[in-house]
Amino acid sequence: MTPYRTPRFTGLGNLASALFLVTVLLVNPACAAPKRAKPAKPDFDALTRDGWEHFYSLEYEQAIQDFEKVLNARPDDPVAVNHVLDAVLFRELYRYNALDTRLYSKQGFLTSKQVPLTESAKRRIKELSDRAMSLSEKRLKSNPNDAQALYARGTTEGIRATYLVLVEKSYFAGLRNALAARRDHERVLKLR
């Protein structure tokens, strides 16, 4: 077996071949090195859709996990915070059977007891609510006509209204939040 020898370019034909090869490699660097696969970015829209599928299937833990993945990637997005907030609140309401529509069909709703959420659940709902509101307000300070921020703030106010009425039995505060949500969403419609 003969040892490998580096070919020598002799004559004009070999020189032209060598120049052609160098030119191709310099002009098209993709030929010189194999392509590296780009790391796959998670599809956050698909993850959000999956979260809503879990939410509407009453699989709140899975919904929260999906929504939190999106929130971790988009920590300054009030919409992402609202998704987590919504799932956390409805998980707690479901746990205490407060989503049974029969509870709200008669006037007994007004005299029924508060939904007994744990202090940690109440704290989490308040933190998420405050965070979503703060992020929306920050965006609205720089652009008062930011339709997405107005919509997000209105959604936060609506979720707060639900919490205040169903959990705290604070009807007037809930009404104020519901009216604020309506005002924000009406402004969104006017901006469109």
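How many residues does helix α3 have, and how far does the helix reach from its first C-alpha to its last? Helix α3 covers residues 44–56, so to speak 13 residues, and reaches 18 Å, close to the 18 Å expected at 1.5 Å a residue (the expected span is 1.5 Å times one less than the number of residues). Keep in mind that this is a predicted model, where local features need pLDDT of at least 70, side-chain atom pairs count only at pLDDT 80 or more, and totals for chains, interfaces and linings use all residues. Residues are numbered from 1 along each chain as its sequence is written, and side-chain values use heavy atoms, leaving out hydrogens and water.

**Helix α3**

- F44, L47, T48, G51 and F55 of α3 are buried (under 20% relative accessible area, with a 1.4 Å probe and protein chains only).
- Looking down the axis of α3, the buried residues fall within an arc of 100°, so they line one face of the helix (the arc is that of the directions from the helix axis to the C-beta atoms).
- R49, E53 and Y56, on the other side of α3, are exposed (over 50%).
- The cover over the buried residues of α3 includes α4 (60–73) and α5.
- After α3 comes L58, with a positive phi near 65°.

**The largest pocket**

- W52, D77, V79, N82, H83, D86, Q148, Y151, A152 and T155 line the largest pocket.
- Helices α5 (78–95) and α8 (147–166) each supply at least two residues of that lining.
- By class, the lining has four nonpolar, four polar and two charged residues.

Key
On a 1 Å grid over the protein atoms alone, a cavity is a set of points where a 1.4 Å probe fits but cannot get out, and a pocket is an open set with protein on both sides within 12 Å along at least five of seven lines; lining residues have an atom within 4 Å of a point. Helices (H or I, at least four residues) and strands (E, at least two) are DSSP runs, numbered from the N terminus. Ala, Val, Leu, Ile, Met, Phe, Trp, Tyr, Cys and Pro count as nonpolar, Asp, Glu, Lys and Arg as charged, and the others, Gly among them, as polar. Contact means heavy atoms within 4.5 Å.
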